[in-house]
Amino acid sequence: MTPKTTALMLCSSLALLFATPSQGQHSQPWPGPMLCRIQDGPNKDLWIMTLGQPETGLADGVFDPLSDQLTLKNGSIKSNYFRDVLKVPFYQPLDKTRFPLPPSGWSSWYYYYNRINAEEVRRNTDWMAANLKDFGAQYVQIDDGWQGLGDPESGRDWSHATPDRFPNGMANIAAYIKAAGLKPGLWLAPHGQSSPKIVQENPDAFLLKTNGQSASDTWEGRFLLDPTTPQAHHYLRELFQRLTGWGYDYFKIDGQPIVMEEYGAKKQFMKDPSDNAAVLYRNTLADIRLAIGPDRYLLGCWGIPLEGAGIMNGARTGGDILLGWGGFRATLQATLRYYFLHNIVWYCDPDVIVVRAPLTLEQARAWASLQGLTGQALTDSDRLTDLSPEREELLRRVYPATDIRPMDLFPAERDKRIWDLKIKHLGRNYDVVGVFNFNESQTERTLISWAELGLPAQQAVHVFDFWNAEYLGAWRGGLSVPVVPTSCRVLTLLPCADRVQLVSTSRHITQGWVDLIDTSANASGTEQRGTSRVVKDDPYEIRFAFPPGNNFAVETAAARGPSGKLPVRIANHQQWACIGFNSPKTGDVKWEATFGAAPYFHLPPSPPERLWVERVGLDGVNLHWREQYYINGGYDVTLNGVLVGHASEAQFPLRGLNPTNACTAQVRTVWEDGKSSARAGEIKFTVASLLPEELELTELEPQRSNRRWRGMEADEAPPGAPLVIHGRHYKGLSASADSETSYDIKGMFCAFSTSVGVDGDARNDAALEFRILGDGKELWRSIQIQAGQVPVPVLIDITGVRMLSLQVKGPGHGLPLQADWVAPKLEFQP
């Protein structure tokens with residue numbers, strides 16, 4: 001039987017397996033046309049995703065997942081968009097029939113590693129069943145360490161459980177998990193095998209040399225299946241039939257890129273050689289799918305096994321995480337690069353979430369926000385019984401993963417600090433915006449522009465801070481958001497109407513999608529009622545905001561749940577109010593509230609004084625003024641007569657300026673009702689006038705990069721070590737081999753100087769080539785430079801260059817080569 005014939009037979013069988021469609025609760029119609037962007041807009045920091053079917057003018061066009069066709073606003077068509085443009089060769093839309101939502105659960109790996117045992121699985125299962133199941137957690141996934149007989153030859157032997165850790169076998173622990181109302185999952189690297197005994201029993205199933213030795217000894221296993229033999233296909237099907245017989249409903253198959261690479265490189269050892277490694281690999285996946293059936297989840301791991309599209313339900317899109325902030329960065333990198341595949345090709349899994357120390361609470365909250373705002377597969381990997389109440393709370397607010405889908409159908413080339421989740425639910429159109437600060441040392445202030453989010457720029461917008469559970473006011477133009485290092489703010493934005501409006505709920509980061517079943521109100525919004533799905537003993541709140549300049553108070557409130565009438569908490573504030581209740585049972589609670597007019601306190605604002613500006617990069621400034629003694633509602637900032645936005649503190653970021661244009665900034669103090677001071681503070685400036693004669697390149701953010709999180713890291717080599725060349729420490733930029741990072745220098749400089757060298761921690765025979773490009777044209781190229789050489793000085797003319805690109809060329813991605821650009825400087829051209 002040829003690989004092609006096998007593929008046709010297996011694909012026909014798979015088509016029969018997936019013949020019955022269905023829709024899950026809280027899922028969107030699929031597959032159907034969806035709004036999309038295919039490139040960044042003016043704000044390169046903005047990243048957009050959707051939930052429901054929101055409307056926005058920011059879309060570049062409409063993507064039809066069934067036909068893989070994209071229709072742009074101008075009527076032009078891009079056919080086979082995922083297959084040809086995004087390079088997904090086996091593209092087909094995700095089958096959501098059996099799994100309408102991404103999985104949510106727990107994994108053993110990042111606490112227990114390969115020392116997991118049955119007692120610890122039961123311990124975490126019990127905690128999850130008691131504390132997280134009603135919040136949407138479903139899966140308990142046992143990772144590496146369950147298999148084999150405890151000796152080196154059985155590390156990839158999937159036929160037995162380790163007797164000292166799982167003395168009653170894997171079927172017993174699966175039954176325990178199911179008895180708790182959860183679903184058991186299992187990790188394995190099924191294409192590999194470590195047991196010579198099993199290979200001897202199945203000699204035609206594995207890649208072997210003529211002398212009987214293994215032809216493929218890798219991380220996947222000492223032996224690798226030969227995908228061209230009937231015996232190998234029989235082996236795979238029998239293996240997964242055994243595992244499903246044990247009771248497992250979720251399978252994480254690891255090392256998949258290794259399998260693909262080996263099938264491409266080892267065809268000479270195959271019984272029926274083929275040049276099409278992808279088809280051979282897909283045939284093995286089809287075996288697995290036939291064995292487990294359509295109702296069990298199949299997750300490909302690690303990297304990005306694109307050849308599994310259409311067969312896998314989900315895929316790991318990144319490497320393993322680390323325990324601290326570096327772990328978050330690994331998850332972030334995977335998300336930025338491959339999120340365009342999520343909920344379209346498969347459910348993306350950027351690896352687990354952890355919320356324990358050494359992460360600070362703010363860092364753990366940022367990680368929870370990343371997961372909650374993207375809707376990717378959600379798997380915690382902490383020892384759940386050890387979490388503090390504050391860290392448990394983070395998990396409860398993001399479980400379960402929801403039906404979020406990317407609107408940006410392209411890989412991100414840089415970090416994105418503004419994540420805009422656009423939601424339409426029960427007639428409510430609102431944005432949940434995550435504002436991230438990835439910097440480890442400095443507080444950042446990010447301007448959220450209503451116009452850049454597709455909101456009406458001159459209309460007031462309600463702002464609610466989800467994690468801090470507080471209303472921040474209703475403001476026009478935009479909002480400056482201060483974010484402390486390695487953290488995230490999550491803000492709900494709702495355009496103001498002339499009535500009382502429901503602005504937020506407490507159950508989930510999506511603030512209504514998971515919990516609100518129905519809502520209604522009278523024309524003025526003073527009579528509100530609805531039904532919410534709540535979790536037992538979880539304090540639940542519904543928040544309401546009032547039209548600017550008007551104040552109301554809750555006069556009556558009532559709630560009735562599965563157990564009958566519930567006590568209701570009422571909290572009245574100026575400009576907003578909330579009602580809350582606890583239910584002793586998980587289920588639907590009907591609630592209602594009425595509002596009446598309430599007094600409004602107003603303090604006349606005083607004008608700001610002593611304005612000054614601080615340059616940021618080449619096209620921005622931070623605007624400062626003196627802090628005030630008297631309380632106020634904040635400050636409105638205009639630039640050249642146009643309202644830019646609102647600040648709660650005495651500074652404001654202005655970005656995207658033309659460096660040579662004259663600017664006039666004005667600041668007025670405002671009260672909560674929007675009434676401003678009679679006089680404004682004013683300052684005039686140009687960015688160019690603030691530039692020094694020499695500018696360190698480390699001050700600038702890269703415009704784009706093809707490697708790492710930012711492509712380059714200021715003053716620090718990627719492993720975390722200082723720049724060291726020829727035994728000396730330096731300041732500057734470090735990059736990995738085969739990288740290119742570009743800076744928009746706007747044609748403002750006449751010279752660029754630096755010194756280049758290979759970092760001293762690289763291996764002694766390492767050699768790299770450095771190149772400098774201006775607007776795509778090569779300006780300078782080094783000779784081959786080895787580790788241990790002194791830095792090579794560089795001075796080149798860059799007059800008129802707008803895009804400066806720094807390239808490093810090396811022998812390959814697999815070698816640990818680090819390139820250093822020492823003291824890179826730009827000389828200003830007045």
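Me: In which strand is Ser 532 found?
Reply: The model is predicted. In it, Ser 532 belongs to a strand that covers residues 527-534. That strand is S26.

Me: Is Ser 532 buried or exposed?
Reply: Residues under 20% relative accessible area count as buried. Ser 532 has a relative accessible area of 0%, so Ser 532 is buried.

Me: Which residue has a side chain in polar contact with that of Ser 532?
Reply: Leaving out residues up to four places away in sequence, Ser 532 touches residues including Asp 515, Ile 542, Asp 588 and Trp 591. Tyr 540 is also one of the residues touched. The polar contact of 2.8 Å is between the side chains of Ser 532 and Tyr 540.

Me: How are the rings of Trp 158 and Trp 187 arranged?
Reply: The count of aromatic pairs comes to 39. For Trp 158 and Trp 187, the ring centres are 5.7 Å apart and the planes stand at 70°. Planes over 60 degrees apart count as edge-to-face, so the pair of Trp 158 and Trp 187 is edge-to-face.

Me: How many residues apart in sequence are the parts tied together by Trp 158 and Trp 187?
Reply: Trp 158 and Trp 187 are both buried. Trp 158 is in the loop between strand S7 (139-142) and helix H5 (169-179), whereas Trp 187 is in strand S8 (residues 183-188). The pair therefore ties together parts whose separation in sequence is 29 residues.

Me: Which kind of aromatic pair do Tyr 540 and Phe 581 form?
Reply: The distance is 5.5 Å centre to centre, with 50° between the planes. Tyr 540 and Phe 581 form a pair that is tilted.

Me: Which strands does the pair of Tyr 540 and Phe 581 tie together?
Reply: Tyr 540 counts as buried at 1% relative accessibility, and Phe 581 is buried with a relative accessible area of 1%. Their strands cover residues 540-545 and residues 576-581, so the pair ties together parts 41 residues apart in sequence. The strands are S27 for Tyr 540 and S31 for Phe 581.

Me: Why is helix H8 largely enclosed by the rest of the structure?
Reply: What covers the buried residues of H8 includes strand S10 (223-224), strand S11 (250-253), H9 and strand S12 (297-300). Among the buried residues of H8 are Pro 257, Ile 258, Glu 262 and Tyr 263. Helix H8 (residues 256-265) is largely enclosed because the residues that are buried number seven of the 10.

Me: Which strands stand at the edges of the open sheet of seven strands?
Reply: The order of the sheet is S16-S2-S17-S18-S23-S20-S21, with mixed pairing. Within the sheet, S2 (residues 46-51) and S17 (residues 418-425) run parallel and are joined by six bridges, and Trp 47 stands opposite Trp 419 in S17. Each edge strand has a single partner strand, so one side of each is left without a neighbour in the sheet; the edge strands are S16 (405-406) and S21 (470-475).

Me: Which residue in S52 does Arg 771 stand opposite?
Reply: Strand S52 (residues 803-809) is largely enclosed by the rest of the structure, because six of its seven residues are buried. S46 (residues 739-744) pairs with S52 in the antiparallel sense over six bridges, and Thr 741 stands opposite Leu 806 in S52. S48 (residues 767-774) also pairs with S52 in the antiparallel sense over six bridges. The residue in S52 that stands opposite Arg 771 is Gln 807.

Terms used
Residues numbered from 1 in each chain as written. Predicted model: local features only at pLDDT ≥ 70, side-chain atom pairs only at ≥ 80, totals over all residues. Heavy atoms only, no water. Helix = DSSP H or I, 4+ residues; strand = E, 2+ residues; numbered from the N terminus. Buried < 20%, exposed > 50% of the residue type's maximum accessible area, 1.4 Å probe, protein only. Polar contact = N/O pair within 3.5 Å; in protein donor to acceptor, adjacent residues only side chain to side chain. Contact = heavy atoms within 4.5 Å. Phe/Tyr/Trp six-rings, centres within 6.5 Å; stacked < 30°, edge-to-face > 60°. Pairing = 2+ DSSP bridges.
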